[in-house]
Amino acid sequence: GRQLINETPAAIVPDAIVEYDDDKDIYIAYLADGRMPSLRINQEYARMAADKALPKQDREFVRTNLGNAQWLIDALNQRRQTLLRVINVVVTAQRDFFDQGPQAVRPLPMTQVADQLGVHVATVSRAVAGKYLQTPRGVFPLRQFFTGGTQNESGEDVSWESIKAAMREVVDAEDKSSPLSDDAIADALKAKGVEIARRTVAKYRAQLDIPPARMRKQF
């Protein structure tokens, strides 16, 4: 069965790229589809649709399918524009992430983006599904920027993704000969101003593929 496994991981091709403009001090996003060929209506078929020398039934057949083709082209263009609009909202809302890193991700519900763009939340969800964003800080799933959150001791909104990043930082800095328990991690996060329960620490630790303390211990 192992012979059927492709051991070479598939490369992630970003769907959009975010770059920093030094002159304007802003981040600019654009779709990474420059290598994709543009869809166009075949002019030969367009001429056939207007050629009165052809039987009426044939002209109607060509017109119908040309209409379907144009609808598909318009739908794909609209989908591209929707994706870019969503990304632009993300880039504006998550400026702190691009400046400071994953710990600065802010809570950003999809409903908020949908309301801002005047579309249904399902449209936003479909637009970001399976999409990746290339940024100056690396390549990230676009969906990662949409997250709920809580408030820290100062009353500031903190996203779950930023809490995970802080947890990863705490674990990376621990003494591997005496790794931190989930309770100790919770205490370390509390010292950073974020209070979460031990069971939440265990949940996020599992999501981050961080083993429990006894398995992180190095002798």
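Residues are numbered from 1 along each chain as its sequence is written. In this predicted model, local features need pLDDT of at least 70, and side-chain atom pairs count only at pLDDT 80 or more, while totals for chains, interfaces and linings use all residues; side-chain values use heavy atoms, with hydrogens and water left out.

The nonpolar cores come first. A nonpolar core is a set of buried Ala, Val, Leu, Ile, Met, Phe, Trp, Tyr and Cys residues joined through side-chain atoms within 4.5 Å. Buried means under 20% relative accessible area, exposed means over 50%, and partly exposed lies in between (1.4 Å probe, protein chains only). The largest nonpolar core holds 27 residues. Val-86, Ile-87, Val-113, Val-124, Leu-133, Leu-142 and Phe-146 have the most contacts inside it. Two or more residues of this core come from each of β1 (16-21), β2 (26-31), α2 (56-93), α3 (95-100), α4 (110-117) and α5 (121-128). Helix α2 supplies the largest share, seven residues. Here helices (H or I, at least four residues) and strands (E, at least two) are DSSP runs, numbered from the N terminus.

Contacts are heavy atoms within 4.5 Å. Not counting residues up to four places away in sequence, Leu-133 touches Ala-16, Val-18, Ile-87, Phe-98, Gly-138, Val-139, Phe-140, Leu-142 and Phe-145. A second, separate core has 14 residues. Val-170, Val-171, Leu-189 and Val-194 are among them.

Val-139, one of the residues that Leu-133 touches, sits in strand β4 (residues 138-141). Val-139 counts as partly exposed because its relative accessibility is 40%. Beyond four places in sequence, Val-139 touches Ile-12, Tyr-132, Leu-133 and Gln-134. Val-170, one of the residues of the second core, is 31 residues from Val-139 in sequence and 23 Å from it in space, C-alpha to C-alpha.

A cavity is a set of points where a 1.4 Å probe fits but cannot get out; a pocket is an open set with protein on both sides within 12 Å along at least five of seven lines. Lining residues have an atom within 4 Å of a point. Grid points are joined across faces, edges and corners, and a volume is the space filled by probe spheres set on the points. By this account the largest pocket contains about 740 Å³ of space. Its lining comprises 21 residues, of which Leu-31, Ala-32, Asp-33, Met-36 and Arg-80 are the closest to the centre. Helix α2 gives the most to the lining, with six residues. By class, twelve lining residues are nonpolar, three polar and six charged. Ala, Val, Leu, Ile, Met, Phe, Trp, Tyr, Cys and Pro count as nonpolar, Asp, Glu, Lys and Arg as charged, and the others, Gly among them, as polar.

Thr-82 also lies in helix α2. Thr-82 counts as buried because its relative accessibility is 15%. Thr-82 touches Thr-123 and Ala-127, with residues up to four places away in sequence not counted.

Glu-174 lies in the loop between α6 (160-173) and α7 (182-191). With a relative accessible area of 9%, Glu-174 is buried. Its side chain reaches the backbone nitrogen of Leu-180 at 2.9 Å. Glu-174 touches Pro-179, Leu-180 and Arg-216, not counting residues up to four places away in sequence. Between the C-alpha atoms of Glu-174 and Arg-80, the separation is 44 Å.

Glu-169 lies in helix α6. Glu-169 counts as partly exposed, at 38% relative accessibility. Its side chain makes a polar contact with the side chain of Lys-192 (3.3 Å). Gln-103 and Lys-192 are the residues that Glu-169 touches beyond four places in sequence. Gln-103 is 66 residues from Glu-169 along the chain, with 9.3 Å between their C-alpha atoms.

Backbone angles complete the picture. Most residues other than glycine have a negative phi. Asp-25 has a positive phi, near 55 degrees. Asp-25 lies in the loop between β1 and β2 and is partly exposed at 39% relative accessibility. Asp-209 has a positive phi near 60 degrees. Asp-209 lies in the loop between α8 (198-207) and α9 (213-216) and counts as exposed at 66%.

Definitions and conventions: A polar contact is a pair of N or O atoms within 3.5 Å; within protein, one must be able to donate a hydrogen and the other to accept it, and residues adjacent in sequence count only if both atoms are side-chain atoms. On a 1 Å grid over the protein atoms alone, a cavity is a set of points where a 1.4 Å probe fits but cannot get out, and a pocket is an open set with protein on both sides within 12 Å along at least five of seven lines; lining residues have an atom within 4 Å of a point.
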